[in-house]
Amino acid sequence: MVHLKQPLVLSAQCNNVASPLFATAAAASSKHRQASSASRRLRSHRISCGSTDEAGVSTSVTAKERPLTVTAIISAQAPNSVYVSRGFDDIHDLFGKTLLLELVSSELDPRTGMEKEKVKGFAHMTPKDGTYEAKMSVPASFGPVGAVLVENEHHREMFIKDIKLITGDDESSAVTFDVGSWVHSKFDEPEQLVFFTLRSYLPSQTPPGIEALRKKELETLRGDGHGERKLHERVYDYDTYNDLGDPDRNIDHKRPVLGTKERPYPRRCRTGRPMTRFDPETEKRSSLVYVPRDEQFSDVKGRTFSATTLRSGLHAILPALAPLLNNTQCFSHFPAIDALYSDGIPLPVDSGASLNVINNVIPRVVQMIEDTTEHVLRFEVPQMLERDRFSWFRDEEFARQTLAGLNPICIRLLTEFPIVSKLDPEVYGPPESALTKELLEKMMNGLMTVDEALEKKRLFMHKVRELPDTTLYGSRTVFFLTDEGTLMPLAIELARPQSPTKPQWKRAFTRGFDATESWLWKLAKAHVLTHDTGYHQLVSHWLRTHACVEPYIIATNRQLSRMHPVYHLLHPHFRYTMEINALARESLINADGIIEDAFWPGRYSIELSSVAYDATWQFNTEALPEDLVSRGLAVRRDDGELELTIKDYPYASDGLLIWNSIKQWASDYVNVYYNSDEDVTGDEELQAWWEEVRTKGHADKKDEPWWPVCDSKSNLVQILCVIMWVTSGHHAAVNFGQYHYAGYFPNRPTVVRKNIPVEENRDDEMKKFMAVLLQSLPSQIQAITVMATLDILSSHSPDEEYMGEYAEPAWLAEPMVKAAFEKFSGRLKEVEGTIDERNNNPENKNRCGAGIVPYELLKPFSEPGVTGRGIPNSISI
């Protein structure tokens, strides 16, 4: 059963059609009037919200008829805080001056050809909490209501859920305007807000009475590009990432601007804050960051665990924990790490302020000792550790997680040998790899030659590039696909580029047949996992989802009217993302933030994502099928279907179920509103939207040849699928398993603090490998900070909206769209069952077996909390 976001009153009584509030304005497009007779029969007997009926169903009412009494019922969230002007607002409520409503006709005046005079009325508070009511006299010849203008007479903003218009005493005739928006005070901004009916209109089909309002609202949302934005505004504009540094506070916190020719990057939302004193290119930071008002968290989200922790500032973890732990000291032994999940760390009794901060930021891990008043910092046992506490040490799990772990989107088919670096040898040193044919064939135990393995598509590689101006190792790992369908690591290459003082260093590591080689192999794996963890967080996660999606959100609000069908389709996929991104810029990816402090790229973290954006990001390969093909993990057969190179590749096989479901839903949706390719090319708002995504949102990539052209229904469906997949399935796959896989930090260390001993032939370290491994792992404060952060980021809030669970009111207003969504929802429920079957099939050794965490990251639905499953519509955390 479809879960309704907003319960709607949809009357099916045909005797209500005569009311002008239910009549539908004649569509401006002759193409729309020529819709199929079957579709027309479907809609002609349905009475619904405002302008959701088929054109031409309207029954004219003569001007001699007496005016109709219309009651407007407004469901709102009344102000609940005390402020200076609250008394005046309460008096306004008593005298019926809370909200000014103006009804706008969808029709023009036939005598003048101009818009009809608006019908106005003040709403007053009713005895029912949060409900306001207005009585208005509407001329019989007014025609269907196409929009409502709202002015808030309070001194504080008010959240309006919906507005229902009832003709006479017939409550079954209610016309619902799904508002779901904050309405600013007229004292902050005199311009009224406009809310349209639920019916979706292409620009050419807009009822003539609201054409001007449609254009005016888009102009308002775009703003003029000047001045500092105010928190109550709803203005969407673009800016570069010039707010990550804070040179006024510390000159060492200066960071380069991202979104330039030298450092390409997607654009963020413009705030208009002034520049810093010490760097005219850096925007000043502030405690509150502007996000368009309707993009901010709801009160429910704001009260939930994950949202509250981010809002209160993840940076609070560091000063709160600093007195309790040594900032540089490593864990002395592995039992000390295990104690984080059993005994915990006692919190000082006299650390009241620190305890409050920690409890506010990470409440799930602060627990009271039984029968005492003492508290400990104790972490939940990650699922991976709970199933097999030693799995992180094994090669099988190391390889399995490249296919079914936290970052399953980096492995590639090895197609050429020998392996040669494409980096400039003058800068980085000789390009030849230390992974030789003889070495790999030795590790394959004579099963086949390298040439045979290449031909049979049995060799795969995971690679992380070197960073300029650092001595961090670059890594390559080569895997062999076994007959059982699992991967076996053959060899790891660590390479440090040459520097002005040192020559290039590189070495190959293998599992080895003696104790020394075995321990070096474990240290090499730690380096590879550290590289992968940083790349996952900064590229697979932050860049490819959060950062690259924000331009889509800005362009959608600037160029697509809230009446546009594509706006209605994409809107749930953008929920909360802009505020999450703003909070990340404040606490996570900023200078001296958590990412810089605890992950291996350090102060170069965000620059790494810029390098990756420049070198690897393409819109077309963000589509899951194209991504798999580009990495050699799938081939497209003659019938167009994909065949996976690794049959048991959980991310790919489950992901394709989700992708195909999204594509069918998007295709069904587009077919409802676009009859032909010409309708797509003739949609001026759609064309402006796609042009702006490319030329403004991703301006540094605007001239790339791989951008799809929005010139057909099929291309439009593909464009929409990419956006819908990235915001839902892709993000879920790389986000909600973070605590399960990295909550035990030796499995995915965020930093390795010591070079591998053989680089400088340190004999003393060669004799104490366990100590070297512990000293290489993150420090106590780094580990606990990251564990707490990942616990937060892996959590679903109670008001999470999962894909296929919630129907937008606009979808329910169109029978064909409603039916298509119900099929989409049903398919996702089937996907749940299919994934369960796969996880219980012993032939799928990458997701089923002793101690193995089943792959559930792409199961569509979940409960609140850290569950390791569930696909929200949007990037909401």
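In this predicted model, five strands form an open sheet of 5 strands in the order 15-16-17-18-19, and the pairing within it is antiparallel. The edges are taken by strand 15 (412–413) and strand 19 (505–509), and because each has a single partner strand, one side of each is left without a neighbour in the sheet. Strand 19 is joined to strand 18 (residues 487–496) in the antiparallel sense over 5 bridges, and within this part of the sheet Glu-493 stands opposite Ala-508 of strand 19.

Helix 11 (residues 395–404) lies across strand 17 (474–481) and strand 18, and runs at about 85° to strand 18. Helix 15 also packs on the sheet, where it touches strand 16 (459–464), strand 17, strand 18 and strand 19, its direction making about 80° with that of strand 18.

Helix 15, which spans residues 515–559, has a further packing partner in helix 4 (residues 211–222), the two axes lying 7 Å apart at an angle of about 140°. On the side of helix 4 the contact is made by Leu-218, Leu-221 and Arg-222, and on the side of helix 15 by Asn-557, Arg-558 and Gln-559. Sorted by class, this contact comprises 2 nonpolar, 2 polar and 2 charged residues.

Charged side chains also pair elsewhere, and the structure holds 46 salt bridges. In one of these, Arg-293 meets Glu-157 with the closest N and O atoms 2.7 Å apart. Arg-293 belongs to the loop between strand 11 (268–269) and helix 5 (299–303), whereas Glu-157 belongs to the loop between strand 6 (145–152) and strand 7 (158–167), so the pair ties together parts that are 136 residues apart in sequence. Arg-293 is buried, with a relative accessible area of 9%, while Glu-157 is partly exposed at 25%.

Another salt bridge brings together the side chains of Arg-263 and Glu-607, at 3.3 Å from N to O. This pair links distant parts of the chain, 344 residues apart, with Arg-263 in the loop between strand 10 (238–239) and strand 11 and Glu-607 in helix 19 (residues 605–616). Arg-263 is partly exposed, with a relative accessible area of 31%.

A further salt bridge is formed by Glu-283 and Arg-273, whose closest N and O atoms are 2.9 Å apart; both of these residues are buried. Their pairing is part of one network, in which salt bridges that share partners join Asp-239, Asp-243, Arg-268, Arg-273, Glu-283 and Arg-585.

Notes. Residues are numbered from 1 along each chain as its sequence is written. This is a predicted model: local features need pLDDT of at least 70, side-chain atom pairs count only at pLDDT 80 or more; totals for chains, interfaces and linings use all residues. Side-chain values use heavy atoms; hydrogens and water are left out. Axes are lines fitted to C-alpha atoms, for helices over the stretch in contact, and angles run from 0 to 180 degrees between N-to-C directions. Helices (H or I, at least four residues) and strands (E, at least two) are DSSP runs, numbered from the N terminus. Contact means heavy atoms within 4.5 Å. Ala, Val, Leu, Ile, Met, Phe, Trp, Tyr, Cys and Pro count as nonpolar, Asp, Glu, Lys and Arg as charged, and the others, Gly among them, as polar. Two strands pair if DSSP finds at least two bridges between them. A salt bridge is a side-chain nitrogen of Lys or Arg within 4 Å of a carboxyl oxygen of Asp or Glu. Buried means under 20% relative accessible area, exposed over 50%, partly exposed in between (1.4 Å probe, protein chains only).
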